[in-house]
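Subject: Structure handover

Hello,

Here is the structure I promised you. Please open it first, then read my notes beside it.

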Amino acid sequence: MDAIVITGNGPLEGVTHASGAKNAALPIIASALLAPGEHTFRNVPELVDVNTMFKVLDTMGCESHRLEGKKKNIVTIKVPTNVTPEAPYDLVRTMRASVLVLGPLLARYGRARVSMPGGCAIGARPIDQHLKGLQALGAEIELSEGYVEARAKRLKGGVVTFDCITVTGTENVLMAAVLAKGRTLIENAAKEPEVEELARVLNKMGAQISGAGSDVITVDGVDDLHPVDHAIIADRIEAGTLLVAAAITGGDILVKHAVPEHLEPVLQKLRATGCIVTVEADGIRCKGPSRVQAVDLKTQEHPGFPTDMQAQLMALLATANGTSVITENIFENRYMHVAELRRMGADITVDGHTAVVRGTARLSGAPVMATDLRASASLVLAGLHAEGKTKVGRVYHLDRGYERLEKKLKALGANIRRIKDPGGT
Ligand code: EPU
């Protein structure tokens, strides 16, 4: 098992870049199922989760191929006219986003058998809204032996009103609606940039979608879609994490390709802590003060503050001058990093959805354990600031969503390395 060892060594400085967005790549790869032929996706991050999604499609009979060397972020995928419309338990249990194949399979092949995802470290994460949305388009759905079995001769347009805002739920229903007969309205839709990006790709395939990025999406169903060549947007959460690396070390980092409109709430909070954040020609620059100021924050659906940046901001605020209050409104159990940050000297108490973070001038390095993807990132950030050595175990969580984070940080001056950790669990 790998671990990451960091020795805090002062300000990080220089130019780095954000890779392609994991949470945009996942639905886009699934959407290839809607259009037989050969697709080319560019700026595809080399991540465990992204590779799992290609594996899910390959298991069904598609052929994905990642190019090598400088072109390794280009992936081609050949989708045959007939696939085996099944996502098995062994793959879905390693990545719940595999459920994103449900909508496209149903729309294009009339049936889908997809293992029901279980809960995960951050919450129960049911998919009732995905299923309700597909049913509103005429799908017959049964749950049997741990699988969702869905059927429909041809989906019919309808009105889908989500009871809660769901990102992958919106994406699943959107992918189903593009080949349905007639018009679909998706109400209370997620407005995340990744949803807009998926709609952009589907429209490139020949779909007729308007309103993506607002809370009502209108889809006029078409009979057929064609393959695309598309470059995926930059990862706003990776970009945000790199900006926090500047903030927490009092450094100065330019993150190229970061899109300011996608990161507005994060930039606002960084500014409120005393960072100087500027928008440059092709990216965002953050210059951290010698010590940040406390700020309060609440996670919300986009355009609110993203839950996927909560753990990273908590690491930053653990070093602030003053007390911050963080409220997590999206997931019920997304404070798993708190116990580990405390091991590094952070003063944080949690009561339900609220965490009170009393800033400490200097965290101290310690062996800590990652519990999920963004928690791992927060521990790496804390390690960059801490006095002494931090060893972050269970780095496989980090590798699910960050493309060689330690290499990017090292190039900015961090004392960081990946080691084999035979004792790691
Ligand atoms: N929810 C339901 N029923 C549903 C769907 C969602 O009750 O049918 C609830 C969830 O339990 C949660 C809330 O609604 O409390 C929001 O969940 P959402 O469905 O929006 O989350 P998701 O689509 O499963 C995506 C990202 C997550 C990100 C969330 C929130 C992907 C592949 N994943 O998950 O990313 O945290 O949206 O923005 O897009 C990450 O990258 O680290 C990550 C966890």
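Which residue in β13 is the bridge partner of Ile186? The partner is Ile217.

Some ground rules come next. This is a predicted model, so local features need pLDDT of at least 70 and side-chain atom pairs count only at pLDDT 80 or more, while totals for chains, interfaces and linings use all residues. Residues are numbered from 1 along each chain as its sequence is written, and side-chain values use heavy atoms, with hydrogens and water left out.

**Strands around β13**

Strands are DSSP runs of E with at least two residues, helices are runs of H or I with at least four, and both are numbered from the N terminus. Two strands pair if DSSP finds at least two bridges between them. Strand β11 (residues 183-187) is joined to strand β13 (residues 216-220) by 5 bridges. These two run antiparallel. Strand β12 (residues 208-210) also runs antiparallel to β13, with 3 bridges. There, Gln208 has Asp220 of β13 as its bridge partner. β12 and β13 form a hairpin, with 5 residues between them. Look at Gly211 in the turn: its phi is positive, about 90°.

**The open sheet**

Now find the open sheet of 4 strands. Its order is β18-β19-β21-β20, and the pairing is mixed. β18 (297-298) and β20 (347-351) are the edge strands, so called because each pairs on one side only. β20 pairs with strand β21 (residues 354-358) in the antiparallel sense, over 5 bridges. Within that pair, Ile348 has Val357 of β21 as its bridge partner. Helix α10 (residues 310-317) lies across β18, β19 (323-327), β20 and β21. The helix runs at about 170° to β19. Axes here are lines fitted to C-alpha atoms, for helices over the stretch in contact, and angles run from 0 to 180 degrees between N-to-C directions.

**Two packed helices**

How far apart are the axes of α4 and α6? Helix α4 (residues 102-109) and helix α6 (residues 167-177) have axes 7 Å apart and pack at an angle of about 10°. They are therefore roughly parallel to each other (the cut-off is under 35 degrees). From α4, the contact uses Leu102, Gly103, Pro104 and Ala107. From α6, Asn172, Met175 and Ala176 take part. Contact means heavy atoms within 4.5 Å. By class, these residues are 5 nonpolar, 2 polar and no charged. Ala, Val, Leu, Ile, Met, Phe, Trp, Tyr, Cys and Pro count as nonpolar, Asp, Glu, Lys and Arg as charged, and the others, Gly among them, as polar.

On a 1 Å grid over the protein atoms alone, a cavity is a set of points where a 1.4 Å probe fits but cannot get out; a pocket is an open set with protein on both sides within 12 Å along at least five of seven lines, and lining residues have an atom within 4 Å of a point. Grid points are joined across faces, edges and corners, and a volume is the space filled by probe spheres set on the points.

The whole structure has 1 cavity of 30 Å³ or more. The largest cavity has a volume of about 40 Å³. Its lining is Arg111, Ala112, Arg113, Glu149, Ala150 and Arg151. That makes 2 nonpolar, no polar and 4 charged residues.

Of its 18 lining residues, Ile248, Thr249, Ser290, Arg362 and His385 are the closest to its centre. α8 (236-249) gives the most to this lining, with 3 residues.

Best wishes

Note on methods:
Angles under 35 degrees count as roughly parallel, over 145 as roughly antiparallel, 65 to 115 as roughly perpendicular and the rest as oblique.
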